[in-house]
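Dear colleague,

Please find below the structure I am handing over to you. My notes on it follow.

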Amino acid sequence: MRVLVVEDDQSVADGILDGLQHANLESKRVETGNLALEAMTSFDPDIVLLDLGLPDMDGTDVCRAIRQ
(Lines give C-alpha, C1' and ligand atoms only; values in the text may rest on other atoms or scores of the structure.)
Protein backbone atom coordinates (compact mmCIF):
# COMPACT_ATOMS: atom_id res chain seq x y z
CA MET A 1 0.00 0.00 0.00
CA ARG A 2 1.27 3.47 -0.88
CA VAL A 3 0.54 6.33 1.52
CA LEU A 4 0.96 10.00 0.65
CA VAL A 5 1.50 12.16 3.73
CA VAL A 6 0.73 15.84 3.15
CA GLU A 7 2.09 17.62 6.20
CA ASP A 8 4.10 20.83 6.50
CA ASP A 9 5.18 20.30 10.14
CA GLN A 10 8.36 18.20 10.15
CA SER A 11 7.91 16.82 13.68
CA VAL A 12 4.34 15.68 12.99
CA ALA A 13 5.35 14.16 9.66
CA ASP A 14 8.28 12.30 11.24
CA GLY A 15 5.98 10.54 13.71
CA ILE A 16 3.54 9.54 11.00
CA LEU A 17 6.27 8.33 8.66
CA ASP A 18 7.91 6.30 11.45
CA GLY A 19 4.61 4.54 12.11
CA LEU A 20 4.05 3.85 8.43
CA GLN A 21 7.57 2.48 8.04
CA HIS A 22 7.07 0.27 11.10
CA ALA A 23 3.93 -1.12 9.42
CA ASN A 24 5.98 -1.80 6.25
CA LEU A 25 3.95 0.64 4.16
CA GLU A 26 5.50 2.58 1.31
CA SER A 27 5.14 6.28 2.01
CA LYS A 28 6.06 9.66 0.65
CA ARG A 29 5.82 13.05 2.32
CA VAL A 30 5.11 16.36 0.65
CA GLU A 31 4.78 19.74 2.36
CA THR A 32 2.33 21.65 0.15
CA GLY A 33 -0.99 21.20 -1.58
CA ASN A 34 0.53 21.76 -5.00
CA LEU A 35 3.12 19.03 -4.41
CA ALA A 36 0.33 16.73 -3.19
CA LEU A 37 -1.56 17.21 -6.45
CA GLU A 38 1.60 16.46 -8.43
CA ALA A 39 2.25 13.34 -6.34
CA MET A 40 -1.19 11.97 -7.17
CA THR A 41 0.14 11.03 -10.61
CA SER A 42 3.86 10.57 -9.95
CA PHE A 43 3.48 8.50 -6.73
CA ASP A 44 -0.06 7.14 -7.32
CA PRO A 45 -0.98 6.63 -3.64
CA ASP A 46 -3.67 4.28 -2.35
CA ILE A 47 -4.45 6.62 0.54
CA VAL A 48 -3.71 10.24 1.42
CA LEU A 49 -3.17 11.56 4.95
CA LEU A 50 -3.91 15.24 4.49
CA ASP A 51 -3.21 18.18 6.78
CA LEU A 52 -5.94 20.80 6.45
CA GLY A 53 -3.66 23.76 7.26
CA LEU A 54 -1.08 23.90 4.47
CA PRO A 55 1.12 26.87 3.58
CA ASP A 56 0.00 27.27 -0.03
CA MET A 57 -3.64 26.21 -0.09
CA ASP A 58 -6.39 24.91 2.16
CA GLY A 59 -6.36 21.14 2.67
CA THR A 60 -10.07 21.01 1.89
CA ASP A 61 -9.35 22.43 -1.56
CA VAL A 62 -6.63 19.82 -2.04
CA CYS A 63 -9.12 17.10 -1.11
CA ARG A 64 -11.66 18.44 -3.59
CA ALA A 65 -9.05 18.52 -6.35
CA ILE A 66 -7.95 14.96 -5.60
CA ARG A 67 -11.53 13.72 -5.72
CA GLN A 68 -12.07 15.29 -9.13
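Where is the place of N24? N24 sits in the loop between α1 (10-22) and β2 (26-30); helices (H or I, at least four residues) and strands (E, at least two) are DSSP runs, numbered from the N terminus.

This is a predicted model, in which local features need pLDDT of at least 70 and side-chain atom pairs count only at pLDDT 80 or more, while totals for chains, interfaces and linings use all residues. Residues are numbered from 1 along each chain as its sequence is written, and side-chain values use heavy atoms, with hydrogens and water left out.

Backbone. Most residues other than glycine have a negative phi. N24, although not a glycine, has a positive phi of about 60°, and N24 is exposed at 70% relative accessible area (buried is under 20%, exposed over 50%, partly exposed in between; 1.4 Å probe, protein chains only). D44, also not a glycine, has a positive phi of about 50° and belongs to the loop between α2 (33-42) and β3 (47-50).

Salt bridges. The whole structure contains three salt bridges (a side-chain nitrogen of Lys or Arg within 4 Å of a carboxyl oxygen of Asp or Glu).

- R2 pairs with E26, with the closest N and O atoms 3.2 Å apart. R2 lies in strand β1 (residues 2-6) and E26 in strand β2, so the pair ties together parts 24 residues apart in sequence.
- E31 pairs with R29, again at 3.2 Å; E31 is partly exposed at 39%, whereas R29 is buried at 19%.
- R64 meets D61 at 3.2 Å, N to O; both lie in helix α3 (residues 59-67), three residues apart, about one turn of the helix.

Kind regards
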